[in-house]
Amino acid sequence: MPGPETRALPSGATELLGRWRARGAALPDGVLAFTLTAMAFVPGLVDNGVVVGELPQRPLDAVGLALVLGQCLPLVVRRLRPLACLAAVALCFAAVQLFAYPSTFAGVGVIVALYSAGAHQSRFRLPTVAAMTVGYLLLALALNARGSSERVVD
């Protein structure tokens with residue numbers, strides 16, 4: 001029986017939505033990861049990223065490219081392994097900020113990973129929150145030590 005969100009859809013769309021949901025988490029999460037990766041390199045969106053440290057930017061090199069991809073590609077497992085996804089994306093996000101690589105749209109991946117961990121992580125929720133809070137504090141302290149124009153409390 002269709003749910004309330006599919007009652008207003010035409011029958012073909014309802015069938016398509018049912019097939020999409022039957023695929024499991026891997027296909028939709030893969031599409032999300034691929035789309036975010038592609039958007040990270042679209043000329044109009046490249047500069048629309050998440051910036052924390054306000055450090056002088058350095059050019060994107062091979063390491064920076066790997067870190068940009070590391071903010072997007074782990075989202076493939078965001079529902080199956082939300083903690084691993086969050087850890088990988090958060091580490092790459094922190095490295096991009098610390099090494100002053102240009103902030104790209106891939107930085108949105110950390111927001112998606114945070115949401116996914118909150119929505120899909122069933123065990124170790126409190127330690128995850130504590131670890132992410134401590135990690136963000138350490139990032140703020142490290143950015144301050146590198147000469148960021150923002151203060152730690154900001």
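Trainee: What should I know about the model before we begin?

Mentor: It is predicted, so local features need pLDDT of at least 70 and side-chain atom pairs count only at pLDDT 80 or more, while totals for chains, interfaces and linings use all residues. Residues are numbered from 1 along each chain as its sequence is written, and side-chain values use heavy atoms, with hydrogens and water left out.

Trainee: How many helices and strands are there in the chain?

Mentor: The chain has six helices and zero strands, and from the N terminus on its elements run α-α-α-α-α-α. Both kinds of element are DSSP runs numbered from the N terminus: helices are H or I with at least four residues, and strands are E with at least two.

Trainee: What makes Cys72 buried?

Mentor: Buried means under 20% relative accessible area, exposed means over 50%, and partly exposed is in between (1.4 Å probe, protein chains only). Cys72 has a relative accessible area of 0%, so Cys72 is buried. Cys85 counts as buried too, at 1%. Across the chain, buried residues make up 32% of the 154 residues.

Trainee: Why is the pair Arg78 and Asp29 called a salt bridge?

Mentor: The label needs a side-chain nitrogen of Lys or Arg within 4 Å of a carboxyl oxygen of Asp or Glu. In this pair the closest N and O atoms are 3.0 Å apart, so the pair meets that cut-off. The two residues come from distant parts of the chain: Arg78 is in the loop between α3 (62-70) and α4, and Asp29 is in helix α2 (residues 26-39), 49 residues apart.

Trainee: Are these two partners buried or exposed?

Mentor: Arg78 is buried, with a relative accessible area of 14%, and Asp29 is buried at 1%.

Trainee: Which other salt bridge does Asp29 form?

Mentor: Asp29 also pairs with Arg79, with the closest N and O atoms 3.0 Å apart. Asp29 lies in helix α2 and Arg79 in the loop between α3 and α4, so this pair ties together parts that are 50 residues apart in sequence. Arg79 is partly exposed, at 31% relative accessible area.

Trainee: How many salt bridges does the structure hold?

Mentor: The structure holds three. Another of them joins the side chains of Arg58 and Asp61, at 3.7 Å from N to O. Arg58 counts as partly exposed at 35% relative accessibility, and Asp61 is partly exposed at 33%. Shared partners join Asp29, Arg78 and Arg79 into one network.

Trainee: Why are α4 and α6 called roughly parallel?

Mentor: Axes are lines fitted to C-alpha atoms, for helices over the stretch in contact, and angles run from 0 to 180 degrees between N-to-C directions. Angles under 35 degrees count as roughly parallel, over 145 as roughly antiparallel, 65 to 115 as roughly perpendicular and the rest as oblique. The axes of α4 and helix α6 (residues 125-145) come within 11 Å and cross at roughly 5°, and therefore the two are roughly parallel. By class, their contact has ten nonpolar, two polar and no charged residues. Ala, Val, Leu, Ile, Met, Phe, Trp, Tyr, Cys and Pro count as nonpolar, Asp, Glu, Lys and Arg as charged, and the others, Gly among them, as polar.

Trainee: How do you know what Thr104 is in contact with?

Mentor: Contact means heavy atoms within 4.5 Å. Leaving out residues up to four places away in sequence, Thr104 touches Ala40, Val46, Asn48, Gly49, Val50 and Val68. Thr104 is found in the loop between α4 (82-98) and α5 (108-120) and is buried, at 7% relative accessible area.

Trainee: What makes Val50 partly exposed?

Mentor: Val50 has a relative accessible area of 23%, which falls between the two cut-offs, so the in-between label applies. Val50 has its place in the loop between α2 and α3. The C-alpha atoms of Val50 and Val108 are separated by 6.6 Å, though the residues are 58 apart along the chain.
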